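Work through the exercises below with the sequence and the predicted model at hand. Each task is followed by a solution in steps.

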Amino acid sequence: LIETEKMEVEMSRIQAIEKFINERLKPDLREQQEKHQRILDDICEYQLLLDSISVVKSLRPLKKLKMKVNLGLGFFAQATVNDPNHIFIDVGCGTYVEFTLDEADVVINERLELLKMLSKKQLAVIGSIKAHISLLVYMVELLLDPSIRTWVFVPIVLFTFLIGVVRHYLAILIHTKKEIGLQQIQDSHALVRSRLLRENGRYLSKHSFLMRKQFFNDEETGYFKVAQQRQSPVVNPMSDPSVMTDMLKGNLLNVIPMLVIGGWINWTFSGFVTTKVPFPLTLRFKPMLQHGIALASLDASWVSSASWYFLNVFGLRSMYALILGEDNAADQARLMQEQVTMSANTVPHDPRQAFKAEWEALQICSHNWMSKSEGKVLESTLALIKSNALHLAEEIEKEIIQRDLAIAKKKIVRLNEEQCIDFYMDMARSASFDQVVRQLSSGEAIAMVLEGRRAIGTWKNIIQKLDNAPFENYHQLHVDKECLHASDDYFKARREIQFIFPEVQLVPWNEEVQHYLQEEVIPTMSRALEELARTNPIDPLKWLASWLWRHDPQRGESTIADDY
């Protein structure tokens, strides 16, 4: 009884607020909007008059002016203005005052400023009324009876879920297992392999590409030529009774549950509001979320019972996948989608047409190996000869040239301590950070951009050779590796080059990476995979790692016996 009294008090309050909104605020809002529209019309009229005056003033000196006068009902008459230098303007209360064109220009501009100010004030009044309406509407928030959650919201969820589970197990019982022939699987895989060959053939050598193309497109023994001569094993689905039976079973499992649940909801819960989404929605969502409820004043966030069922059809997909597995027949949305679209991996109804189209596409496909792309891209790195080793700069540059590296840029730099900290920012946590900063900022240094194949690794080898042992080109002098600088990897090399040489335009990294893969990785990896297939070891990963370590092109072929 207490709950009923509270509901009645709340309903009376809501009705009073709605009456105030509909009988007071909304009429005031319409009145203010009409007033604002009249102000806008006056602004538009005065603006047109000001433009006309500007046109007449541009035609000076002008004694007479011919113009068309609107007589009404779409009739115009030609008139002559004897004195086009004066104009009459309505100043209010039906009074017209004669002005010269210059005076009229000033008066009209003043009037436009006044009208614009009135327009802003009117917009403020309209906004205030709208704010009051929004505030009151927020106060008139719809209250749901707690019984709706128990007797409407939860039953729709449970019933929809249980119907899906029943549909899943019925589909398993009446499902007819289809057997796909070995020949169909081979044909499907052949089409996929041919397509991959056309798309990725540039990663193969020309010999490998032509061998694969010959396998598919040989005029006598090619796979596609032989396949086109075979009789197609696929029949028209409309003439196969088993296919028609499966389609009928699928339609029954899909349509009957939808009719049963839809009829039950419309008969039992018609007109109920079940829940509200926790975020605002536009009015475009009302037809989707409020099916069966024709209330123009109801907020679009509320969901009707019929719309709640359709939301469950799509929202329970994760629950079905969790309980019944990914490949389940309970997902009604997925079943409808599969009936409309066919799986992309299935063989077409007439494989011979597909074989012919793929044969023609592969026949006109030519080989273009990426390693032969125009413009050979070289690796770049930064080299620094610090102040302690400046006296060996000429010998170091000779060694660089002898190792097939080109010096693309060269200059003498003097970095202060702040610049050195920015340069060595990757070593900020290293124990030697302060030492390398002091050493680089202590004096001048020679900075060079080196280009060549494996430029980063080659420059590191030169530094290591200088540090480990003296050699003749350096007059038997030992150089500490701390006196020279080398970039650690590709990305650091790009950053350091841009730091010292901001004017240098580096090749985009994707081109350099592609070139590196084609030149350095793919040839070695192809040999490794061929040897792996020929050897067929027990542990392929361990064997492959051992082979790559022994045949690293940067270290040279290793003569150490394979302990694999």
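**Exercise 1.** Determine which parts of the chain the salt bridge between Asp105 and Lys57 ties together, and classify both residues by accessibility.

Solution. The closest N and O atoms of Asp105 and Lys57 are 3.3 Å apart. Asp105 lies in helix α2 (residues 101–139) and Lys57 in helix α1, so the pair ties together parts that are 48 residues apart in sequence. Buried means under 20% relative accessible area. Asp105, at 18%, is therefore buried, whereas Lys57, at 26%, counts as partly exposed. Lys57 and Asp105 also belong to a network of salt bridges with Asp102.

**Exercise 2.** Locate Asp426 and Arg495, which form a salt bridge, and classify each as buried or exposed or in between.

Solution. The N to O distance in this salt bridge is 3.7 Å. Asp426 sits in the loop between α14 (417–423) and α15 (433–441), and Arg495 in helix α17 (residues 490–500), 69 residues apart. Asp426 is partly exposed at 44% relative accessibility. Arg495 is likewise partly exposed, with a relative accessible area of 27%.

Conventions:
Residues are numbered from 1 along each chain as its sequence is written. This is a predicted model: local features need pLDDT of at least 70, side-chain atom pairs count only at pLDDT 80 or more; totals for chains, interfaces and linings use all residues. Side-chain values use heavy atoms; hydrogens and water are left out. A salt bridge is a side-chain nitrogen of Lys or Arg within 4 Å of a carboxyl oxygen of Asp or Glu. Helices (H or I, at least four residues) and strands (E, at least two) are DSSP runs, numbered from the N terminus. Buried means under 20% relative accessible area, exposed over 50%, partly exposed in between (1.4 Å probe, protein chains only).
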